Amino acid sequence: MAGLVFKGVTKKYDQNEVVHDFNLEIKDKEFMVFVGPSGCGKTTTLRMIAGLEEITSGELFIGERLVNDVPPKNRDIAMVFQSYALYPHMTVYGNMAFGLKLRKTPKAEIDRRVREAARILDIEHLLDRKPKALSGGQRQRVALGRAIVREPQVFLMDEPLSNLDAKLRVQMRAEISKLRHRLQTTVVYVTHDQTEAMTMGDRIVVMKDGFIQQVDSPMNLYNHPKNIFVAGFIGSPSMNFLKVNVTLEDGIPYLNHAEFHLPVGEAHRQTLAPLSGKEVMLGIRPEFINDDAAFMAAHPDWTLEAKVEVVEPMGAENYVYLSVADENVVARFEAASQAKSLQNHRLAFDMNAIHYFDIETQAALL
């Protein structure tokens, strides 16, 4: 097994640089997720690891070995694609064994590896079937099995679940997470789905426009985003943002908006006080907006009124879409909430859970 190290890696197509000064260390046996919107450079970076794209500048190490000029077949990696890429004329056994046959692996060893991988993935009963007789989830298991039998140093996965339906995606997320713990290998996983990233990764690389925005554990990304992009990208529903003016009253900083005048939470007052007279971006996650009567009674100065646009019942909770001075805000209320569409509703912001960002640089202030 092996880790990976990127040192100042860039990728250009003609004069268009799509990955910029990429520096990252992926530890041995770590499950690292690259996440970001389409076109952010995550798949290009994965393909540079695989050797399917040349590195324009910088260095890439797999283990102790510099691999910039090492061909894909000699990098000891295995890649799982979004499209399964199974040979339709071969059985499941044949598909899983094919790469080993090309390497002239002894027949007995091929059989051992294929049957062991099939047992791990619970597809032993499918070994004689052709891909057309398999469901989407079964095909993805075969694609995973084909990678497992190679016993590579590093697994690369490029949006492997995006062709599956929602229920199967959830199931396969759990399967892949269990699988990596059994195999004890390094995994680099690309997705545009932040839920996949949050539930699967040991650490997450958030990318935008070819730049790394933040590398951190899922919970640190969620609780301590470094900028507005990360704050808005990680979390579902995403964080709400409102521009507010900071004023100082009796030594306490307040946030002023067309619809509210709220005191800054105690933990943040020291940071916000010097910004009196300036405009900042307030960020608040939907779960920290609530209409609980006891909470509002305990914090009457944290309350405000907003117009409810839409209520989406989700079972255990409601997603409530609100208008605050013509700005859209999403809240997560308990299922028993009395919020009703097209009516004004009293609610409270948890002022100790607010994030603050610089409007010009978009960087976190706390």
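Modeller: Happy to. One term to start with: contact means heavy atoms within 4.5 Å. This is a predicted model, where local features need pLDDT of at least 70 and side-chain atom pairs count only at pLDDT 80 or more, while totals for chains, interfaces and linings use all residues. Residues are numbered from 1 along each chain as its sequence is written, and side-chain values use heavy atoms, with hydrogens and water left out.

Colleague: Good. What is Met 96 in contact with, leaving aside its neighbours within four places in sequence?

Modeller: Met 96 contacts Val 114, Ala 117, Ala 118, Ile 123, Leu 127, Val 142, Gly 145, Arg 146 and Val 149.

Colleague: And which residues touch the most other members in the largest nonpolar core?

Modeller: Met 96 and Tyr 189 do, in a core of 48 residues. A nonpolar core here is a set of buried Ala, Val, Leu, Ile, Met, Phe, Trp, Tyr and Cys residues joined through side-chain atoms within 4.5 Å. Buried means under 20% relative accessible area, exposed over 50%, and partly exposed in between, with a 1.4 Å probe and protein chains only.

Colleague: Where does the largest share of this core come from?

Modeller: From H3, which supplies 6 residues. Helices (H or I, at least four residues) and strands (E, at least two) are DSSP runs, numbered from the N terminus. There is also a second, separate core of 32 residues, with Ile 289, Val 324, Leu 347 and Ile 354 among them.

Colleague: Back to H3. How do the axes of H3 and H5 cross?

Modeller: At roughly 135°, with the axes of H3 (residues 107-121) and H5 (residues 166-183) coming within 11 Å. Axes are lines fitted to C-alpha atoms, for helices over the stretch in contact, and angles run from 0 to 180 degrees between N-to-C directions.

Colleague: New topic: how many salt bridges does the structure hold?

Modeller: It holds 14. A salt bridge is a side-chain nitrogen of Lys or Arg within 4 Å of a carboxyl oxygen of Asp or Glu. In one of them, Glu 151 pairs with Arg 112, with the closest N and O atoms 3.5 Å apart. Glu 151 sits in the loop between helix H4 (136-148) and strand E7 (154-158), and Arg 112 in helix H3, 39 residues apart.

Colleague: Which residues are linked in a network with Glu 151?

Modeller: Glu 109, Arg 112 and Arg 113, joined with Glu 151 by salt bridges.

Colleague: What about Arg 180: buried or exposed?

Modeller: Arg 180 is buried, at 9% relative accessible area. Its side chain meets that of Asp 202 in a salt bridge of 2.8 Å, N to O. Asp 202 is partly exposed, at 34%.

Colleague: Last one: where does Ile 234 lie?

Modeller: In the loop between helix H8 (228-233) and strand E11 (240-249). Ile 234 counts as buried, at 0% relative accessibility. Not counting residues up to four places away in sequence, Ile 234 touches Gln 194, Met 198, Val 206, Tyr 222 and Arg 285. The C-alpha atoms of Ile 234 and Met 198 are separated by 8.1 Å.
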